[in-house]
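Here is a short report on a protein chain. Keep the sequence and the 3D view open as you read.

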Amino acid sequence: MQQKTRLFLQTLKYSVPHLGKCMQKQHLNHCNFADHYFSRIKLRKYHLTKCLQSKNKIPELARNIPSWSFSCKDFLPIKQENEQSPSKNMDAFEKVRTRLETQPQEEYEIINAEVKHGGFVYYQEGCCLVRSKDEEADSDNYEVLFNLEELKLDQPFIDCIRVAPDEKYVAAKIRTEDSEASTCIVVKLSDQPVMEASFPNVSSFEWVKDEEEEDVLFYTFQRNLRCHDVYRATFGDNKRNERFYTEKDPSYFVFLYLTKDSRFLTINIMNKTTSEVWLVDGLSPWDPPVLIQKRIPGVLYYVEHRDDELYILTNVGEPTEFKLPPWACGFIIDTNSDPKNCPFQLCSPIRPPKYYTYKFAEGKLFEETGHEDPITKTSRVLRLEAKSKDGKLVPMTVFHKTDSEDLQKKPLLLHVYGAYGMDLKMNFRPERRVLVDDGWILAYCHVRGGGELGLQWHADGRLTKKLNGLADLEACIKTLHGQGFSQPSLTTLTAFSAGGVLVGALCNSDPELLRAVTLEAPFLDVLNTMMDTTLPLTLEELEEWGNPSSDEKHKNYIKRYCPYQNIKPQHYPSIHITAYENDERVPLKGIVNYTEKLQEAIAEHAKDTGEGYQVPSIILDIQPGGNHVIEDSHKKITAQIKFLYEELGLDSTNVFEDLKKYLKF
């Protein structure tokens, strides 16, 4: 059985109605706020140690999300009533399948942000920010609020939308595919909507309304991928824009989150292993924020609010005193038996073991082995496990056509990531469906370093345990081959960004397992990157990769797996690399150096091998722009598929004809 991090869900009783009253009487600073408020509320104070002694310790699954992007559905309360029977669910899946088969090609284009507020839906239509009445959302009857072309950007799209509480204003974050930089515009909603303001380099932003019924926009400013400053602004006759908070530790970043009942704004300050949260009262946003818990190395926590209670999700794994503010008391809710016992779905993922699932196609979650895809009715989903070198069982998710025969002769495309505690992406993509329809086997390797099995799964694959992820990946491939899924000459591997570390390491250690590899913006020169503190993300990444500049142990360990450091004259699989000219996250220089060193090693090996040796193809495709990964780039998709088919000697006629059904060329 895998080790699981213990997850403790604490609720803090918090009498919200008194908060606004005490704020109106005197100005309070951070220090005296808690004492002042505690004197007005009679609450028992608990230490977490006592709570743990009175409750059964429960194993739970959780994961750290360094990237914070949620849909509205993520925050909806769990509705226990009106549960449909399996037959009714299948009827719904049939409707979804019919819709997917009949919808026009352009519906597979980039799906932008969409927000419902009041009686309206706000979204992007063409090059405009628009809104329509909720009941008319699927029609052409909409109101244009702002034309994105006014920003004079190349193919702009809306990344995020937030509507002010009383719908006097709407804010939208706009960016392009060629850059991670974004602009936040504020539009005043009236008979003649007009742009009230714009702010460059905004990362996260949220609205609150103060006691004077004035809308206040809080936003974070991002510079060189570092997000340390929080601002607040008002508009109309009382315009102001001021810096509200600055994080001085360069290894931390800041993001904003509005509790789903809109009662509190949380300022979340965190790195890869530690967090700190401050609360801004949604009724008195001009007052000082309240610290929930000072940062403690190794302790992550997230805050949500409902019905005058704060809920804290934390990774504290052993009986430890969690120092709550004096006005709060804590206790533990056991959600292990059934997630419905939790009063709502938290923004931070919580996955009790018996409900752990994998996602493939829109509208369906697969939990057991051998389920048929209800959308296409043509593929099967298998959940397998591989035993790593240390005996750890590593989960895999495998897709193939239902009617496939002799799977050993079918091409295999493996996916891997294994970093930052992030789940491996398994979202529906048209090109993945096309490959399955053309007979490919798709396999997703959920190796250590990712977040699929909780925080411990991540911890077991970072710092001086990074080689565990490599061992897991090797075990997954060998297990698949051993169980009759494809063979080395038909096996390919794909990854992006930090996933390139494990792929590059495998190409050095076990190149015979693979025929071809595709990489996008891959992280390949770990050692030199982590020793260069002038790069934007080096300091933030120390908790993931280590500090080779000051820790000799870290330096020597990175040398053992770093793809660039371990290139040697030997046979390699063919490799296609897509890189971006101005990528700030993975500098182009490191990718170019890797490619040149790899080509030299291959040339040296070819000389020693003699005539008849088939030299692998090494292709570096440098794209313009400053983005990191462009998931929907049709040029990239077609180039990668073309490369894989050519390297495996397969006929690509059918696959490109099928792609035309879903992608605009």
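Which residues of H12 are buried? They are Leu588, Gly590, Ile591, Tyr594, Thr595, Leu598, Ala601, Ile602 and Ala606. Buried means under 20% relative accessible area, exposed means over 50%, and partly exposed lies in between (1.4 Å probe, protein chains only). Seen down the axis of H12, these buried residues fall within an arc of 160°, so they line one face of the helix. The arc is that of the directions from the helix axis to the C-beta atoms.

This is a predicted model: local features need pLDDT of at least 70, side-chain atom pairs count only at pLDDT 80 or more, and totals for chains, interfaces and linings use all residues. Residues are numbered from 1 along each chain as its sequence is written, and side-chain values use heavy atoms, with hydrogens and water left out.

**Helix H12**

Helix H12 covers residues 588–609. Its 22 residues, at 1.5 Å a residue, should span 32 Å, and its end C-alpha atoms are 32 Å apart, which agrees. The expected span is 1.5 Å times one less than the number of residues. Helices (H or I, at least four residues) and strands (E, at least two) are DSSP runs, numbered from the N terminus.

What covers the buried residues of H12? The cover includes helix H8 (499–509), strand S30 (574–580) and strand S31 (618–623). The face turned away from the buried side carries the exposed residues Lys589, Glu600, Lys607 and Asp608. Lysine 607 has a relative accessible area of 72%, so it is exposed. After H12 comes glycine 610, with a positive phi near 95°.

**Helix H8**

Now turn to H8, part of the cover over H12. In H8, 10 of the 11 residues are buried, so the helix is largely enclosed by the rest of the structure. Among the buried ones are Gly499, Val501, Leu506 and Asn508.

**The cores**

In soluble globular proteins, nonpolar side chains tend to be buried together. A nonpolar core is a set of buried Ala, Val, Leu, Ile, Met, Phe, Trp, Tyr and Cys residues joined through side-chain atoms within 4.5 Å. The largest core here has 87 residues. Those with the most contacts inside it are Val416, Leu473, Leu480, Leu493, Val526, Trp545 and Ile575. Helix H7 (residues 466–482) gives the most to this core, with 7 residues. A second, separate core has 17 residues, including Cys184, Val202, Phe205 and Ala233.

What does leucine 480 touch? Not counting residues up to four places away in sequence, it touches Leu384, Met396, Val398, Leu412, Leu414, Ala443 and Phe485. Contact means heavy atoms within 4.5 Å.

Histidine 481 lies in helix H7. At 14% relative accessibility, histidine 481 counts as buried. Leaving aside neighbours within four places in sequence, histidine 481 is in contact with Leu412, Ser486, Gln487, Pro488, Thr491 and Leu513.

**Loops**

| Residue | Phi | Loop between |
|---|---|---|
| Glutamate 167 | about 60° | S6 (156–163) and S7 (169–176) |

Is leucine 225 buried or exposed? Leucine 225 is buried, with a relative accessible area of 8%.

Lysine 410 sits in the loop between strand S25 (393–401) and strand S26 (412–416). At 26% relative accessibility, lysine 410 counts as partly exposed. Its C-alpha is 9.8 Å from that of aspartate 438, 28 residues apart along the chain. Beyond neighbours within four places in sequence, lysine 410 contacts Glu405, Gly439, Ile441, Ser486 and Leu490.

**The whole chain**

The protein chain has 14 helices and 31 strands. Of its 665 residues, 54% are buried. Among contacts with a separation of 6 or more, 63% join residues 24 or more positions apart.

How confident is the predictor? The score is pLDDT, the predictor's confidence in each residue, from 0 to 100. The mean pLDDT of the chain is 77, and 72% of residues reach 70 or more. Over residues 1–90 the pLDDT is below 50, yet this stretch has 223 contacts in the model beyond near neighbours in sequence. Over residues 321–376 the pLDDT is also below 50, with 198 such contacts.
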